[in-house]
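The sequence and structure come first, and the notes follow by topic.

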Amino acid sequence: PYVEEKAELSINDKSKLQAVAGLRSDMTFVQQSAYGNVSSLSPRFNAKYAYKGEKSQFVENFAIRAGWGKSVKLPSFAVLYPTPSYSDKLAFAPGTMADGTTYYAYHVRPSDPKYNPNLRWQYNQQAEIGFEAKIKGVNVSVSLFNNKMINSYNGVNEYSPFAYKLTDQSALEGYPVPSVDRQYSIDRTTGIVTVHDKTGHFPDQTLAYIERNQFKSDNTYINGSPAVRKGMEWIVDFGEIKPIRTSVRIDGNYYHYRGTEENLTQYSPASQFMADGNPYKYVGFYVGGNSDANGKETKQLNTNVTLVTHIPAIRLIVSLKMEATLYNSAQNLSENSAGQRSFALSEKGDYVPATNQPDNIYNSSRFVALYPLYYASMDDLETKIPFEEKFLWAKDNDRDLYNALASLVMKSNTDYYFNTNKVSGYYSANISVTKEIGDHVSVSFNATNFTNNIGLVNMAWNNTQQTLFRSSYIPQFYYGLSLKIKI
């Protein structure tokens, strides 16, 4: 349901004030979901002051508008109706048999995303202010906006220990039955492997096994940290230049995004092993996740120029639009409310902070590393040990522990990862030609990037160049014809 109330006040013959307030309620009935039935409220408010003058005046029309609203996004089906995933661990591989066949047995573990009773619904707070005016026949529109996303849905892993039995080929050493006469079975509950003699000369034998303890990861959804998008959009429409029957319009926008993640999340490298060959036994707790960057800041300035020419004598319309990006900047971030989250290294192979260089990681062309805030052992996951203190101590006092904990240190792959990537300007030109045939038929030819711009742009973060050909910056050259019939 949605309710709305509108109020209007005439100030004088030429101006008036209008206000609109509304409230939308969404109710979703989610059957057989742990999150049950969900509901949300989305309030809206808009106000506008408008002035309408005379055509002879310098400012013919003028309006100021402002708005605020909240929109709620409910969880996706992946959250409301989680589907299980499966992980396979090799439990038994006796090798190739005499007839060429090979047997494998796996411990299969299903995993369902965990229900989070504290999950809150994601919503956006949207605010906008702008003005519109007609000045000497030129229509001008400018608006500024600020959107803040709160409680975004983030999927994270939670780790817990589990055990399974591994039977390797060494368990078959000394078994007198030739491989051609062997038959294997595995208990689906206990994971114990039994070998049988097809000829019946030897009794069944239960094989020895190794109890393997390692982490299992289960996915769950949590609420992420806020992110802000703000910017400005403008339109300047000069109308038609009558002597050449051509209208000119300039529009553009400036966008700025900034967001960092500050939740404490877990990570353990599944592909790593301890020095004794056992599965990795430590899990790290990272502020903002275990990626080198926990956020990003982007800025972009775009400007478009559109020319539309009418040639009535031959019933032809030609439209040319030039789309240009004048400024495009992006920077990876690694920070939180307490300050800088990562640190610079003296050399790529180091694991400890650099001591002979400035601490700032941005625009310094250096390799960067990240420590977890805490770590815990599979033996005692409840005890969180401060990582940096223990890691630096182990460097001089316990090399085995130091080498093991080094797997929890995340390092950037390049020395420019935290440099600002400013991309030099680029453009794309589009053309459309429409020919009217009678009153009911028109044929249009459209070409995007018809100049086939494949120039180079400069990438500031690593001082290289990249071609626009097949890049994501502008659309590729393509064209087509369309036929429109009015009945």
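**Salt bridges and surroundings**

R315 and E436 form a salt bridge, with their closest N and O atoms 3.3 Å apart (a salt bridge is a side-chain nitrogen of Lys or Arg within 4 Å of a carboxyl oxygen of Asp or Glu). R315 lies in the loop between β18 (295-311) and β19 (316-333) and E436 in strand β28 (residues 426-437), so the pair ties together parts that are 121 residues apart in sequence. Helices (H or I, at least four residues) and strands (E, at least two) are DSSP runs, numbered from the N terminus. This is a predicted model, in which local features need pLDDT of at least 70 and side-chain atom pairs count only at pLDDT 80 or more, while totals for chains, interfaces and linings use all residues. Residues are numbered from 1 along each chain as its sequence is written, and side-chain values use heavy atoms, with hydrogens and water left out.

**Charged pairs**

- R315 is partly exposed at 33% relative accessibility, and E436 is partly exposed with a relative accessible area of 31% (buried means under 20% relative accessible area, exposed over 50%, partly exposed in between, with a 1.4 Å probe and protein chains only).
- A search of the whole structure finds twelve salt bridges.
- E335 pairs with R258 in a salt bridge whose closest N and O atoms are 2.6 Å apart.
- E335 belongs to strand β20 (residues 335-336) and R258 to strand β15 (residues 246-260), so this pair ties together parts that are 77 residues apart in sequence.
- E335 counts as buried at 18% relative accessibility, whereas R258 is partly exposed with a relative accessible area of 31%.
- K321 and E323 meet through their side chains in a salt bridge of 3.7 Å, N to O.
- K321 is partly exposed at 28% relative accessibility, and E323 is partly exposed with a relative accessible area of 29%.

**Helix α2**

- Helix α2 (residues 387-397) has F387, F391 and A394 as its buried residues.
- Seen down the axis of α2, these buried residues fall within an arc of 65°, so they line one face of the helix (the arc is that of the directions from the helix axis to the C-beta atoms).
- The exposed residues E389, D396 and N397 sit on the face of α2 turned away from its buried side.
- The buried residues of α2 pack against β24 (374-377), β25 (380-386) and α3 (399-405).

**Largest pocket**

- The largest pocket has a volume of about 440 Å³.
- On a 1 Å grid over the protein atoms alone, a pocket is an open set of points where a 1.4 Å probe fits, with protein on both sides within 12 Å along at least five of seven lines, and lining residues have an atom within 4 Å of a point.
- Grid points are joined across faces, edges and corners, and a volume is the space filled by probe spheres set on the points.
- The largest pocket is lined by 26 residues, and K89, Q214, F215, S217 and A270 are those nearest its centre.
- Two or more lining residues come from each of β5 (85-92), β6 (105-111), β9 (153-166) and β13 (210-223).
- β13 gives the largest share of this lining, six residues.
- The lining holds eleven nonpolar, ten polar and five charged residues (Ala, Val, Leu, Ile, Met, Phe, Trp, Tyr, Cys and Pro count as nonpolar, Asp, Glu, Lys and Arg as charged, and the others, Gly among them, as polar).

**Single residues**

- L333 lies in strand β19 and is buried, with a relative accessible area of 2%.
- L333 and P203 are 130 residues apart in sequence and 65 Å apart in space, C-alpha to C-alpha.
- T448 is in strand β29 and is buried, with a relative accessible area of 16%.
- Leaving aside neighbours within four places in sequence, T448 is in contact with A429, N430, P475, Q476, F477 and Y478.
- T451 is found in the loop between β29 (441-448) and β30 (456-459) and is partly exposed, with a relative accessible area of 39%.
- With neighbours within four places in sequence left aside, T451 is in contact with Y427 and A429.
- T451 and I431 are 20 residues apart in sequence and 9.7 Å apart in space, C-alpha to C-alpha.

Key:
Contact means heavy atoms within 4.5 Å.
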